Amino acid sequence: MISSQRQHLILGRLRTRGAVRITALSKEFGVSAMTIRRDIAELADKGLLRRVHGGAVSTSALLSEPLFSVKSQMDIGLKDAIAGEAIKFVSPGDVIAIGGGTTAYVFAQHLLESPNANGITILTNSIPVAELVQALESKDVEVIVTGGVITRSNSLVGPIADKVIASLRVNTVFLGTHSVSMPRGFLMPNSLEAATDMAMMDIADRTIILTDHTKWSSTSLSLFAKFDQVDTVITDDGLDPDSVAKTRDLVKELVLAHQIETEEESE
């Protein structure tokens, strides 16, 4: 199969899935990961897709919120590394809030597998996070779901969610973000989701943002947090040195998680 044929198929996969991973395409087409990387680079140069760590996403999804099923395929290793650092900020018996999105979901997965989750209470507007807790055999973790209007990312938002949140109090809130804008702050494409994230921040003693380095190069519509409103940002060490320095100047604490890449991904 020549490169133009592969690239045509890659674009076809993006139209139906919204995101593709290099490892999966390499196996599907029977070529090396490096070959797929070159194909994706050429398509990105033409503006036909956007490169992300481990794969690519459709350009049509850049300003809108992708489906949860699409986002869950993107940057898995980065999310795992970030989640590994984030669970260190939870202690047994804590009352925490977890926002929507796949990075927060991966954090919840790691947390529930750790002893740090013993006796915790989780407030969440994420349907997948609530289902994850409900599926636990152990009943040592309590989950409170906000209610509200369901977004494309399977988050519950809007006035109903905001009213429930306002009546509660948590030690720490963990939120994802669609994009990071310096020096503005953290943004979402959905204004209702941004408002619900702000409501969660209002009831928390501490706010932690979980986001991979690719979010510094994306854009979005609605600001939900300024840098000085956030206590800690946890990202991965793929963030470029200039952005690291500027972010450290703006936020109280920046944590860089180290991702251990597989041999295929680092090829």
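Predicted model: local features only at pLDDT ≥ 70, side-chain atom pairs only at ≥ 80, totals over all residues.
Welcome to a quick tour of the chain, which has ten helices and 15 strands. Of its 267 residues, 54% are buried. Among contacts with a separation of 6 or more, 67% are between residues 24 or more positions apart. The points below begin with the aromatic residues, then move on to a helix pair, backbone geometry and a few individual residues.

**Aromatic residues**

- The structure contains three aromatic pairs, and two of them are described here.
- A pair of this kind is described by the distance of the ring centres and the angle of the planes.
- The ring centres of F186 and F224 are 6.5 Å apart, and the planes meet at 45°, so this pair is tilted.
- F186 belongs to strand β11 (residues 185-188) and F224 to strand β13 (residues 222-225), so their pairing ties together parts that lie 38 residues apart in sequence.
- F186 has a relative accessible area of 0% and is therefore buried.
- F224 is buried too, with a relative accessible area of 2%.
- F186 also pairs with F227, at 4.9 Å centre to centre and with 55° between the planes, and this pair is likewise tilted.
- F227 sits in the loop between β13 and β14 (232-236) while F186 lies in strand β11, so the pair links parts 41 residues apart in sequence.
- Taken together, F186, F224 and F227 make up one aromatic cluster.

**Helices α8 and α9**

- Two packed helices are described by the angle between their axes and the distance between those axes.
- Helix α8 (residues 159-166) packs with helix α9 (residues 191-202) at an angle of about 5°, and the axes are 9 Å apart.
- On the α8 side, the contact is made by A161, D162 and I165, and on the α9 side by A195, T196, A199 and M200.
- Sorted by class, the residues in this contact are five nonpolar, one polar and one charged.

**Backbone geometry**

- Most peptide bonds are trans, and most residues other than glycine have a negative phi.
- The peptide bond joining M182 and P183 is cis, with omega at about 5°.
- P183 is located in the loop between β10 (179-181) and β11.
- N154 is not a glycine, yet it has a positive phi of about 60°.
- You can find N154 in the loop between β7 (149-150) and β8 (156-157).
- With a relative accessible area of 30%, N154 is partly exposed.

- E28 is part of helix α2 (residues 22-29).
- The relative accessibility of E28 is 38%, so this residue counts as partly exposed.
- Setting aside residues up to four places away in sequence, E28 touches R13 and R17.
- The side chains of E28 and R13 are joined by a polar contact of 2.5 Å.

**T121 in strand β5**

- T121 is in strand β5 (residues 121-124).
- A relative accessible area of 16% makes T121 buried, since the cut-off is under 20%.
- T121 touches D94, V95, I96, E142 and I144 when residues up to four places away in sequence are not counted.
- G93 is 28 residues from T121 along the chain, and the C-alpha atoms of the two are separated by 7.2 Å.

**T207 in strand β12**

- T207 is placed in strand β12 (residues 204-210).
- T207 is buried, as its relative accessible area is 3%.
- Neighbours within four places in sequence aside, T207 is in contact with V173, M201, Q229, V230, D231 and T232.

Note on methods
Residues numbered from 1 in each chain as written. Heavy atoms only, no water. Axes fitted to C-alpha atoms, helices over the stretch in contact; angles between N-to-C directions. Helix = DSSP H or I, 4+ residues; strand = E, 2+ residues; numbered from the N terminus. Contact = heavy atoms within 4.5 Å. Nonpolar A, V, L, I, M, F, W, Y, C, P; charged D, E, K, R; others polar. Buried < 20%, exposed > 50% of the residue type's maximum accessible area, 1.4 Å probe, protein only. Polar contact = N/O pair within 3.5 Å; in protein donor to acceptor, adjacent residues only side chain to side chain. Phe/Tyr/Trp six-rings, centres within 6.5 Å; stacked < 30°, edge-to-face > 60°.
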